[in-house]
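Let's take a friendly walk through a protein model, one region at a time. Keep the structure open beside you and look for each residue as it comes up.

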Amino acid sequence: MSENFGTPYSEYPNVANNGINYDWAVPGYPQPSPFEFNPETIPLHDNRDNRDIRDYPSSDRVNAKVAIPRNAQPSSWTSSGRVSRACENCREQKAKCSGHRPTCHRCLDAGVPCSYGDRKREKMVKQLNDLTTRVETFDALLRGLYPKLDTSSAQQVDQTLRELNARTPLTQVNPSTPIPALFTNPSSHINQSVLSSRAGASPRSISSGTVDYTEEDFDRDEKVQATGFVGEHSEMVWLYRLKCDLDHKSLKGMKKTTERPSISSVNYFQDDSEILFLDDIDLARRPPQQIANRLVETYFHVVHPTFPIIGKAIFLNQYRSFYANPNVRPGKRWIIVLNLVFAIATRHAFLADQLQPNCDDHQTYFARAWKLNVGSVLLYHPDLQQAQVEGLAAFYLLSVGQVNRSWRLIGIAIRSAVTMGLNIRSESESITHFSKELRYRVWWALFMLDIVLCETTGRPPGTGDIFCSTPLPVPFAEEDFWDKRVAQVITDQRTRNAFFASLISDTMTASSEESTTLRTPEQHGSGKGKQEERASQTGAENLTPNSSLYFLYAVDLAHLLREAINTLYAPRAMRQSWHDIETAIPTLNNHADNWLSRLPAEFNFTTLDTTHQFLQQRTGLAFRFYATKLIILQPCIRRLFQQPEASSPGTVCDQMAALCVQMAGQMLELLPEEPDLTWLYGVAPWWCILHNIMQSTTILLTELLARTHVGTAKAVDITKKINKATRFLKEMSARDPSSKRAWLVSMDLLSRHGSKFGFDVDTEI
């Protein structure tokens with residue numbers, strides 16, 4: 001082996017070989033012996049510098065090397081012993097290298113380029129960095145193209161990315177390397193690998209439109225306690241942040257004299273007002289039948305289509321029997337349900353200025369129901385009527401502006417429903433299919449109210465798909481449940497799945513099959529059975545639009561809204577990069593557009609028709625649709641407000657922010673040009689209309705006061721819409737204290753920051 005290494009190069013050829021020190025040799029290899037040294041192979045004198053490589057024996061030229069010319073002048077450097085790494089030229093010549101950078105002494109003396117090649121590890125790191133750069137480039141390209149893809153192409157991209165993610169286990173991901181991730185499906189949760197890679201990020205370092213901390217003590221005083229925690233997807237937080245930011249900019253450079261205001265300063269609901277109950281109320285009193293009939297009719301007209309928590313046919317039979325036969329003694333909980341129906345209907349009549357003479361006010365009916373139920377709600381085991389009582393009470397509290405109390409009560413109602421298994425599909429043979437469907441509707445009514453309170457308070461939804469297999473509500477009236485074809489759809493699960501697949505959006509179909517109806521293994525096969533095809537064709541083609549079909553589409557949209565809240569506003573979303581959030585927003589927005597495209601013509605609110613048969617249902621879906629859009633798109637408005645430099649024209653964020661402002665304007669365009677309370681409380685979702693108006697108004701205020709120049713056409717248009725909203729709020733203030741507070745909060749903001757846009761601020765009701 002020694003002959004392969006040869007003799008180490010010496011700068012002192014006249015020194016005898018016996019004095020050569022081989023301490024520089026690489027450890028672990030045999031040291032060359034001086035007795036094996038052949039002076040004829042490599043002469044020790046400088047005359048070898050004038051010798052051409054062709055003069056060497058052919059055996060030495062198997063791997064011919066390029067000779068390094070030697071200087072005639074003696075070298076001025078001396079060996080300093082072993083070096084950690086030799087340059088390419090010295091390694092090729094197996095010559096001693098000085099190891100100096102950027103040029104070793106030997107190459108410097110010879111006047112040739114000197115380079116230190118990459119080691120294997122460095123080469124791999126370099127290759128990995130190059131590949132990572134390519135992936136990031138392709139990722140950015142895909143993000144830019146994804147919102148422009150059609151539905152089929154987007155689904156193909158989603159499927160491919162899901163497969164790639166499945167083949168890349170989390171344990172194999174380098175945590176120090178940024179991981180490109182796309183939100184490929186709004187029904188799936190945030191990519192866990194990205195969460196892991198962002199886990200160490202500061203909660204303030206990423207501007208994603210949400211936070212995972214709170215700066216306020218919600219136990220500080222009674223007013224703050226009444227408001228409670230308000231999350232990022234509530235318009236109250238949007239308004240609060242706008243107010244704080246504008247005040248901060250206007251007071252910049254001035255000494256801070258007061259502490260930061262609480263979010264309760266912009267709370268326009270009535271949670272800080274006590275609910276008073278009369279002590280001498282007659283619990284057995286009932287209104288005259290004529291008044292009762294009017295109240296029951298009002299309830300089933302303006303509430304039941306959106307909140308079908310009680311079975312209409314069964315309740316009306318019991319109600320007629322109760323008034324027709326004085327000897328009938330229904331249960332206490334049924335009496336409570338009846339009084340809550342009266343309370344809700346009377347509240348609506350009061351707002352619409354349609355109260356009948358000699359009719360008790362809505363507070364009296366609610367107090368009677370509450371006193372009949374007090375002390376038992378938390379101690380009795382729940383039954384179906386108890387869940388209905390709690391749900392109706394939560395609805396009433398929402399309608400009077402007691403949002404915090406309503407949110408707590410809907411949580412209790414959902415717990416009662418879960419206790420009875422209403423969140424699970426029933427296969428009991430002792431329950432008729434008619435009763436099963438009514439129970440399913442109780443669950444979905446609670447679900448719908450919970451979603452409204454979730455977006456109003458900014459708190460997490462109280463329901464989820466993971467522990468829910470309740471089938472979606474069938475789009476048939478109760479009186480049709482005994483029809484043979486309807487009964488087949490209700491009782492056969494596969495037929496039911498095929499029927500719904502022809503009605504609702506692709507996203508909801510997948511969600512209902514995977515997490516709501518739990519498909520059986522044979523359903524995963526290719527093609528539908530003949531029975532399913534017949535049900536799908538006859539059901540979808542022969543279905544007449546009705547209130548139950550409207551409720552199905554409302555539930556479908558509510559699922560999308562819940563997924564948007566979980567994806568964009570949950571505290572864990574704070575650990576996402578803005579790039580990931582920005583990709584999720586167009587995806588969710590596309591799903592909302594797909595939902596709209598699937599609406600039947602009778603429910604399509606984009607066409608102007610103020611005399612339509614389903615005007616109330618169309619208007620309700622319109623407000624729900626625009627509210628969903630605003631929650632999906634609002635993070636882009638917030639992003640551009642926080643970081644104006646991110647507002648480059650043509651970017652996804654800029655486009656989505658512009659769309660958000662457009663949707664807010666279209667929501668207000670649903671209202672008549674001049675305030676009309678008869679229309680507002682007769683057609684619109686009156687129990688939450690204040691929330692919807694303030695949603696859109698806050699978006700427009702943010703755009704106007706933070707990102708719009710005075711005198712532009714944009715400023716004129718937004719100012720016109722805000723004036724319309726404030727006129728409605730002022731008109732509503734006459735009968736609704738919450739609307740009065742909302743109007744005053746808006747006027748306060750405009751008086752301090754909107755004068756330059758020409759607002760005529762009026763604080764007198």
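## A loop residue to start with

Is D353 buried or exposed? With a relative accessible area of 56%, D353 is exposed, because exposed means over 50%. Please keep in mind that this is a predicted model.

You will find D353 in the loop between helix 11 (332-351) and helix 12. Its backbone is worth a look too: phi of D353 is near 60 degrees, a positive value in a residue other than glycine. Most residues other than glycine have a negative phi.

## The annotated domain

Now move to residues 86-116. The unreviewed UniProt entry places the feature "domain: Zn(2)-C6 fungal-type" there.

Where does K94 sit? K94 is in the loop between helix 2 and helix 3. Like D353, which has a positive phi, K94 has a positive phi, here about 50 degrees, although K94 is not a glycine. K94 counts as exposed because its relative accessible area is 58%. The loop between helix 2 (88-93) and helix 3 (105-110) also holds P102. A cis peptide bond, with omega about 5 degrees, joins R101 and P102. For background, most peptide bonds are trans.

## A patch on the surface

Some nonpolar side chains are found on the outside of the model. F138, L141 and L145 form a nonpolar patch on the surface. Together these three residues have about 310 Å² of accessible area. One of them, L141, lies in helix 4, which covers residues 120-145.

How far apart are the end C-alpha atoms of helix 8? Helix 8 (residues 235-250) has 16 residues, and at 1.5 Å a residue it should span 22 Å. The expected span uses one less than the number of residues. In the model, the end C-alpha atoms of helix 8 are 22 Å apart, which agrees.

Helix 8 is mostly covered, with 12 of its 16 residues buried. Among the buried ones are W238, Y240, R241 and K243. What do the buried residues of helix 8 pack against? Their partners are helix 15 (433-457), helix 22 (615-642), helix 25 (689-707) and helix 27 (737-753).

## A buried histidine

H362 belongs to helix 12, which covers residues 362-373. H362 is buried because its relative accessibility is 6%, and buried means under 20%. Leaving aside residues up to four places away in sequence, H362 touches A343, T346, R347, Y396 and V400.

## Salt bridges

Side chains of opposite charge can pair when their charged atoms come close. How many salt bridges does a search of the whole structure find? The search finds 23.

Let's follow E703. Its side chain meets that of R707 in a salt bridge, 2.8 Å from N to O. Both residues lie in helix 25, 4 residues apart, which is about one turn of the helix. E703 counts as buried because its relative accessibility is 3%. R707 is partly exposed at 23%, and K714 is partly exposed at 36%.

Helix 26 holds another pair. The side chains of D717 and K721 meet in a salt bridge of 2.8 Å, N to O. Being 4 residues apart in helix 26, D717 and K721 are separated by about one helical turn. D717 is partly exposed at 39% relative accessibility, whereas K721 is buried at 16%. Elsewhere, salt bridges that share partners join D654, E703, R707 and K714 into one network.

Notes:
Residues numbered from 1 in each chain as written. Predicted model: local features only at pLDDT ≥ 70, side-chain atom pairs only at ≥ 80, totals over all residues. Heavy atoms only, no water. UniProt positions renumbered as here; feature names shortened; annotations may be inferred. Helix = DSSP H or I, 4+ residues; strand = E, 2+ residues; numbered from the N terminus. Buried < 20%, exposed > 50% of the residue type's maximum accessible area, 1.4 Å probe, protein only. Contact = heavy atoms within 4.5 Å. Patch = residues over 30% accessible without salt bridge, like charges linked within 9 Å, V, L, I, M, F, W, Y side chains within 5 Å. Areas by Shrake-Rupley, 256 points an atom, 1.4 Å probe, with all protein chains shown as cover. Salt bridge = Lys/Arg side-chain N within 4 Å of Asp/Glu carboxyl O.
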